[in-house]
Every structure is written in C-alpha cells, then in structure tokens.
Amino acid sequence: MSINQSIHSQYLLGTLMLIVLHLCTTSCTSERQSKRTKPNILFIMSDDHTTQAFGIYGSRLAQLNPTPTLDQLAREGMIFDHCFVNNSICVPSRAAIITGQHAQTNGVIDLAGSITVAQQYLPQEMKKLGYQTAIVGKWHLKNEPASFDYYHVLPGQGKYYDPEFRVQGDNPWPQNIVQTTGHSSDMITEASLDWLENKRDKSKPFFLMHHFKAPHDDFEYAPRYEDYLAETFIPEPESLYEIGNHGSEAIRGRSDSLTRIIGSSVSHRNVIRNQAMNIYWNDTSIYKKYHNARDIAANEYIKWEMDDKERSYASQVYQDYLKKYLRCVKGVDDNMTRLIDYLNESGQLENTIIIYTGDQGFMLGEHDYIDKRRMYEESMRMPFFVYYPKSITAGSRTDAIINNTDFAPTMIEMAGGTAPPYMQGRSFRSILETGKEPPDWPQATYYRYWMHLAHRHQNPAHFGIRTKDQKLIFYYGKYWVDTDDPNATWNQNSWGNDFANHTPPAWEFYDLKADPKEMNNLHGHADYKEIIGNLKNQLTRLRQDLNETDAKYPHIQEVIDAHWDDWE
Ligand code: CA
C-alpha cells in the first residue's frame, strides 16, 4: 500500500466513523423523541365479553354493576355504541383485527383458519413506527406470533386453571411451554405486568395486546368469586320465555317445526345442544325426554311449549349460566384495576391509549339463545371504548358504525403512521378526536357467519347488513366447501339429519329503532318494501366492495339467486 493509498484509507475510515456516529446520534435522538411524543397503546380484548354484561351499555344487567373499573375507564374516554364484529366467532374476529381485512381476503373464514407470520400486519406496522410490541393471553391464530417482539400466549383456547403458555425465549415454538399455577385472568395479567416492568425495551413506546380468556365458556371463575352474586336474582330477558315474531322459517321452520333442532338454547327447547343439559345431564328422566333428536326428526317434531315446569327449569338454568359468566367478568374487571394501577404508579397512564373490547358479543338468554355466531344484536355487537385524555374528551360517546377491521388502521394512525392500502378497514381516529363522523364515513357494516350448523350450536349459515337503524339478514343455510382443502369434513359432521346439508333459506328484517330487541321480523311487510329493496342493493355493493361475494362458492350463489327476491 502506498502512502497516498494509506492516507486515503485513513480518511475514508474517519469519514465512515463520522457517518456511523452521526447515524447513532440521529437514531438515538429519534428514539428519545419517539418515546417522548408517541403514546403507548394498550389493547385489551376479552373473549366473549358482551355489551349486556357492562354498566355502560344500559342493559338489564347494568343494575348489578358488573364492571365498575371498566365503566369508569370508559366514562373517562369515548364509548362506541355501534361497534360490530364481521363474523361472531373467535378465530375470524381475531384474524380481522390483526390483518385489518375481511374473511375472504385474509383467508380466515371459520375456526379452522389461521394466518401466517407474514400476515401478522398489525404488529409489523407498529414495529416500523418504533414500537416495542407484545401479545399476552389468548392468541388462537395457530402459527407462532413471531411478528411481535415478545409473546406469552395460551396454546389454542388455553385452560382456565393452571394454564400453560407458549413463551418467547430459548425454546422454539411450539415446544416453548411454560406452566403456571393460578387462574388464567390472573396469570395473563401477571405476564403483562412482568413484560411491562422487566422485559421490554423501555427506550421505545409499547404496543401491548392483552387478551383475556375469560369469560368464554365453560365459565370457570376463580374460587374467590364463589360468593359473588350468590344470593342475587339475575334479571331475565322477557324473550327467554316468549320470542314473539322473532326469527324466520330459516331458524324456526314452517309452523315452528325446526325450533327443537335449530339454535342452541338455555331451556331444553333445542334437543341437540342446550345449557340445561349441563345441569340436568344426570337426571335421566329429563335426559331421556329431550335428548333424542333423531326420534324427533323421524316423528316430525314435538312442538316446544314453555309450560310452568319448563319455565322453572329455564329460570334455574339461566341463573346458573349468568352467575358463572358474571363471575368470570368480575375477574376481568378486577384485573383491569391491576393494569391501570401499574400504569398510574409508574407514571405511564397519561401517555397510554387504552382500548377495551371483546372479540364478539354473546347471547345471554335473549330469545332463549346461548353462545354467539348469530347476527342478532347481542352477538354481533362488540363492546368498545378508548381512553386517552390527551386527545379524547371524557364522557364522549358516538353512534358511528365501526367494525373490527377498523381497529388496526386506527391504532396505526394513532401511533403516527398511515394505514397500509391492503387493509380494508378505515381509521376512526378523527371520530375519537373530534366526536364527529367524517362526511364519507360508512353508514353500514357487513356480516357473514359461515359455519353452518357447526359445533352442535345449530346456527344456519347467513350474511347481512346492519345500518344505524335497520338490519337485514339472509339465511342461505348451506355448508361452505374449502376450495383449498376440499376433503375437509370437520364442519360437516354436526349432526346426521335431513338438515345436515341444507336448512330453509329465509330473510329477516328488523326495524331497530322501533324494535331494538329484534322481536318482530318485518320482512314481507308492505310498509318496508322500499327500505328492504334499498338495503339489498347496499348489501350487494358491500359484498362486492369487500371481496365478500360467493363467486368461489357456486352452490351457495345458487341459493342466493333463487331466493334474492323472495317476498313472503
Ligand atoms: Ca370469542
């Protein structure tokens, strides 16, 4: 090497060092700045926590004060009255939240669906914006949540007591099991607090998805809640005993001929699956009387009548069902106190956006239904509120329609980014900050439940549209066939009866302003002909715009075409 070359090399080295130093200074400064200016985001989601089981949503259960901590937090932020899920079941709802996409775009149509690591868009986007990301609790999307900086998740549904977790660390997924001792709501909170305090890079703002397992069935509450509500009568919905003109031929059959085999129930009404079985399973006289669905199908049907004896059973079952459920909710609410206290005591509360939701709603005996899956209000509606005093006015409330594909775009915008174009949802940040809907904000949301008669809950497949005041549902009543896995039969094994392949198609329309509890299906009523026609047009457009048509499912499209103009 010549002297000249050597001098030149030294000069280059010096320049490089200066560049490296400069880069470090810039990056360290921007990290400090981002920590100073960017809010933390704590996204909390419970499983099947429905709006009826809150104080803030004014249901019959509000008088029991089931969620004092959540109510207080909600009242210091903005409450959404019209937040809806696009498919009322765990896996598809979670996939929509992580991807910002509807089912046929992200590929998650039912409980067998999953998203790849590459599709874990929300944590990826948050990372790009300088966030430390973590997910703790229920994940349920099957593949490793490797796009998060840290995870501590339940395998599948996970267990209520002494749950195992898969924890990011030395061992590879899925062998990275860590055993805990205690109730899942407490263990999930422990894990979040541990990450917040000890495991994260505190130079960055955090994005934490904290997902409770509770109050999903089988409603196993922590032993400390055994006495909670023990002596209290839980208010009952009138529709537990009398459903009026709710429903259609699709779920009731002609002259109520299918009420014994469609729609899982609180009472013994549905012989395939009901909550009463859980209590009276060992009472053989009752079991024999009600369990034999095939006999009922073979002998046409035994009409369901809620006589005095059945009313008494239904009431007892309902009291038991609701007490277990509300004890799980209480465990969630108490654990919220721990999270809020930690943020407060560590001086982070002021700079943290707290979002609370449930992955979908749940039927708590309304229309004598249990479970979710349905497009009816209690199941389709999600609790949703956001706390962030710096930019959200305390005590604000909105009737703007949002759905679970909008969550990711909104969080990305609140973190200072822009929602990527592949997300179908829209950011509602401006609604949070101004309380006003933008002029072009959607006035309707789309719903689709695909898992025809699955899991013995006996809900026929359906889709529909919900506006602020109206709801239109079409039951097409057919299985979907997975074109990627045409041999999959798991969703066709619900029950080997005549209706296994097809239930009657029908429409339902509810005028929610006059009939918020959906007690009167007005499809076919002359006064609503124009409104329903208009809703059908909107529904067609929504299905096209959202890539949610049945172009890939001609056996379903056939039913849609044959019954689109039905008017009975
Ligand atoms: Ca759920």
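Modeller: Happy to! Keep in mind that this is a predicted model. Strand β12 is covered on both of its faces: His462, Gly464 and Arg466 are buried on one side, and Phe463, Ile465 and Thr467 are buried on the other. In a regular strand, side chains alternate between the two faces of the sheet. Counted along residues 462–467, six of the six residues of β12 are buried.

Now for the partners of this strand. Strand β11, residues 444–449, pairs with β12 in the antiparallel sense, over six bridges. Within that pairing, Gly464 in β12 has Tyr447 opposite it. Strand β13, residues 470–475, also runs antiparallel to β12, and five bridges join the two. Here Phe463 stands opposite Phe474 of β13.

The calcium ion has protein donors from Asp47, Asp48, Cys90, Asp359 and Gln360, at 2.2 to 3.1 Å. For Gln360, both OE1 and NE2 are listed as donors, while Cys90 contributes its SG. Along the chain, the donors follow the spacing D-D-x41-C-x268-D-Q. Asp48 sits in the loop between β1 (40–46) and α2 (68–75), and Asp359 in the loop between β8 (352–358) and α12 (377–380), so the pair ties together parts that are 311 residues apart in sequence. Asp48 is buried, at 0% relative accessible area, and Asp359 also counts as buried, at 0% relative accessibility.

Terms used: Residues are numbered from 1 along each chain as its sequence is written. This is a predicted model: local features need pLDDT of at least 70, side-chain atom pairs count only at pLDDT 80 or more; totals for chains, interfaces and linings use all residues. Side-chain values use heavy atoms; hydrogens and water are left out. Buried means under 20% relative accessible area, exposed over 50%, partly exposed in between (1.4 Å probe, protein chains only). Helices (H or I, at least four residues) and strands (E, at least two) are DSSP runs, numbered from the N terminus. Two strands pair if DSSP finds at least two bridges between them. Donors are N, O and S atoms within 2.8 Å of the metal (3.2 Å for Na, K and Ca); water is not among the atoms, so sites may look incomplete.
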